[in-house]
Amino acid sequence: MSENFRSLETKFLDKTNRISFKYNGKKYYGYKGDTLASALLSNGVHLIGRSFKYHRPRGIMTCGSEEPNAIVQIGGNSSFTEPNVRATEQEIYEGLEASSQNCWPSVEFDVGGINNFISPIIPAGFYYKTFMWPKKLWYSLYEPAIRMSAGLGKSPTQTDPELYDHNHLHCDVLVVGGGISGVIAASISSDNGNNTVLIDDKSSLGGTTIFQDDENFKINDEKSSVWLNNKIKELENKKNLIIKHRTSLAAYHNYNYLLARENLADHKSLNERSNKLRQRLWKIRAKKVILATGAIERPLIFNNNDRPGIMLANSVKKYIDYFGVRCGNKNIIFTNNDSAYETAISLNKKGINVTIVDIRNSSSSMLVKNAKNAGIKIYWNHTIVDTKGYRRIKSIQIMEISEDGTNVIGDKINLVCDNLSVSGGWTPMVHLFTQSGGKLKFRDSDQVFLPNTAMSDQISIGSCNGDFELDDIIKNTISDCKNFLSSSTTDFDLVKVNCPKQKESKNIWLLPNDKPLGKTKPFLDFQNDSTAKDVKLAMREGFRSIEHVKRYTTTGMGTDQGKLANMHALGIISETAGVKMGSLGTTTFRPPYTPLTFGTIVGRNVGAFFDITRKTPMHDWHENNKAKFENVGQWKRAWYYPKDNESMHQAVQRESKAARDSAGILDASTLGKIDIKGTDASEFLNRVYTNAWSKLGIGKCRYGLMLNEDGMVYDDGVTTRLDDNHYLMTTTTGGAANVLSKLEDYLQTEWPELDVWLTSVTDQYATASVCGPNSKNILKKLFPDVEFNDENFPHMSYKNAEMDGINCRIMRISFTGEHSYEINIESKYGKSLWEKCMEAGKKYNITPYGTETMHLLRAEKGFIIVGQDTDGTMTPIDLQMDWIVSKKKYDFIGKRSLYRSDTMREDRKQLVGLLTDNPKEVLEEGAQIVQDEKKQPIEMLGHVTSSYFSPNLNKSIALAVVRNGKKLKGQKLYVPMKDKTINVTVSDFIFFDSKNERLNA
Amino acid sequence: MFIITCPFCGERDQSEFSAGGEAHIVRPKQPTELSDDEWADFLFMRKNIKGVQFERWNHAHGCRKWFNVIRDTSNDKIHAVYKMGEKPPQK
């Protein structure tokens, strides 16, 4: 672009710091402090992207976070790439690369633009109505095609190289928004001794007043911008005030809990930001909150109101007065209020040709008088009926508005322009207020929703509270802050304000046109391409709730969340339905206020920090011996130890055989361990387990089954009586934490009279489980002082013993069905214990085995795994474990539920064994079991819960839950699979050593 | 994200606590003497009201103590916090 639109002086940019950047591959220049939008405008670039549905050319509309159109992809194909970045917020840096979105092959010529011409056949709800039939085309054609065209930018495909952080912040007063009222509030609050935090989303404070160039706006006889600039400088010296720039509030939850995103690096070049934090998410708890989030300008809704070059009036003013950028050479202002005249006067002062089209009949405000005196041409009582210009606005057509405001009359007037500044009044930003639970009220005089009753300790001040005149803003900000913070005097008590007041106002939500609505395109949601006629169509089709209309037309559902024109949608709905806007209400404003990148949301919880990993003390040994690991809860458990090139199946078969033939060793450290002490410990166990515990001798172990109060199996494990009033309970690995909290719950809330103390010792002890016919020989070697004969150390008993002076607890218990010992030692000696076991077992080919072999061995023996063979619907009776349910005990958790009619049903699903007719065929866990394959619908009897090929029995075995299974023993059943049906026979579920000869050997 | 005043630890963030359902449902002392309906009433029936509700909370990531909270479920306002076994404070 040859012409330079930055002909104007500005004190807000660093003109000595010229910066180059690329936009759609072409090199441009801007200055430090420019946003991408202001830098592009200074180069005469207006066309930024294509709209979502119709692929219409769109340009920069605003100068802030409400921007619907100018959203770009930053960072090209690099790992830094980010889609949907608002050009109006992105500051430029040396080497910045930005590109247009949603266009192909280029933003200038976009094939998707065809949608614009077929728009009459793709109205609201087009997708819902069209892609309903034929149904089978959905997966093969419709969905892939819709997915291709869905979305605006491109998601990054590489790992984000940047760092994000989370931080907590506590303060007395949080001020949100650094415009004039936020600055005054922060000043009053910190002067009053409150620890105050002021956050603002821009790089510098001051809002719109800081670039107010009009001499008629005066505070204490100074120009308002000068006065404010001095106040901002004073803030820097306040002791108890923290100011956070480039920080935008994302969410406002109840109890004054707020989330804010601080942008630390997005304005820096890649060289400057290496290895530094990109963004920080602040989790703020504030005692009091002052919202000064301001207001955003409304557009006007007329035919073809979306062309590049059509912008909001106040944004045009900011580009001139703040960035020193002209948005065009021939400007037209289109307005329904006086505030746009400020823009006209600014333009006129800078020598830019300007004309005003006003839908009102007149206005007596000082601003209008000044505009007239400057010789600006004003068309009163006129509206725009059409605009021309494909990639940039070229001209507009205006007509006079009829007396009742519903029609246009007279002749069309054609006006040439290259920039159209639109102002439809102001919408207070009440998003955060409503997020916090506040209720709104509607003010009819200027058609705005305002904060009414707040849920938490907060106030809204300034224009987000409906004050749009400078004198009102300052006067009310001071008095509201004084009340809110209980301060009697402030530095601002004597402030004197002079400003032009706004006068006549007129509001028409949908401006009249000479053409019927169906032939026009008055856009409401610029990003999602929904128009006034879409909203009217939705109403004609019967949608009444504003939430329904929103979803049907997608109005307000883009990345900008409809900040600009949601009010117009509401207005049109209320007019069409004949309902007052105040009673219609608004759609729900949900967090985040502006989009957050996922990196900020997850912070440091990425990679290895994504989830906690728990490792046993023997973990290094397993790793060094090439174990494959399995996640069990947060634990990493050794799964199997492949030798050479063994497959998992081969390794598990070898390990299982070795454990039964000679000796195996398992790391059982992950089992939950709860230390139970107290004079009522035995009574407590009686109440929580189904079986009796009072008579368990000291030094003995017992298997226990724990139920929920509903009678369903909850957990199991072996508990050892260490002393008179001292037990060690083990739980399943996954259930440890839940069991402890359940037991605590009962102790604290139901049985506070019991003297019992629970302590988790899972992490304090490491456990090696040595099993197999030679386990006794190995233990003898490790503990030469202990007598391991059956009289002295029988199955289900415990001994204390020392290994090199370190105390060990040895339990002779078994989960494999083999003669077996579990050795517990303080965690720090765990690895050493393991290595000593391996050394002592060398002679016996001691074989480390993992969880898979453990599961196989216990399945051979018919031992259940809670959570695998049970699923929260199995009683002990269903598991054929009647023997463990005490008939004598008066009560235990879940006892009463075992006598409910449903739990007593005989045809419940029950645990059985399954043997396949072909002994080599292994069933799939989870496979469904049926009796009659022919019957339609096929009746499902149950499913396979555990299934293995047993090397010790040389056949396939499985556990299953089957309806009425106890009575089906010996019967043939079927397991239908995708390509075949497997025939099975119901069997006993103990497949191996049912007489326990090996256990007691 | 509200703030709960644990009766043992003081004001803490909600994230330290876990909710434990309706309060003041006492486990029957003699369950075997109850009819199926009476037992089912204890076992399954819980209130879930919009408004002021009596709840159990556990300071799970703190002192691990259970206690009672009176909370308005419509706005998360906490009216009172009191220990297990204590009677709810009269308003």
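**Close-up 1. Pro937(A) sits in the loop between strand E46 (928-930) and strand E47 (940-950) of chain A.** Keep in mind that this is a predicted model. The thing to look at here is the peptide bond running from Gln936(A) into Pro937(A), which is cis. Its omega comes out near -5°.

**Close-up 2. A cis bond joins Pro591(A) to Pro592(A).** Here we're looking at two prolines in a row, and the peptide bond between Pro591(A) and Pro592(A) has omega near 0°. As for where this is, Pro592(A) belongs to the loop that links helix H15 (581-584) with helix H16 (598-602) in chain A.

**Close-up 3. Asp221(A) isn't a glycine, yet its phi is positive.** The value is about 65°. You'll find Asp221(A) in the loop between strand E10 (218-219) and strand E11 (222-223) of chain A.

**Close-up 4. Asn381(A) is another non-glycine residue with a positive phi.** For Asn381(A), phi is near 55°. The loop holding Asn381(A) runs between strand E20 (377-379) and strand E21 (382-388) of chain A. How many other C-beta atoms lie within 10 Å of Asn381(A)? There are 19, so Asn381(A) ends up as partly exposed; being called buried takes 20 or more.

Definitions and conventions: Residues are numbered from 1 along each chain as its sequence is written. Chains are lettered from A and ligands numbered from 1 in the order in which they are written. This is a predicted model: local features need pLDDT of at least 70, side-chain atom pairs count only at pLDDT 80 or more; totals for chains, interfaces and linings use all residues. Helices (H or I, at least four residues) and strands (E, at least two) are DSSP runs, numbered from the N terminus. A residue is buried if 20 or more other C-beta atoms lie within 10 Å of its own, exposed if 12 or fewer, and partly exposed in between; C-beta atoms are placed from the backbone.
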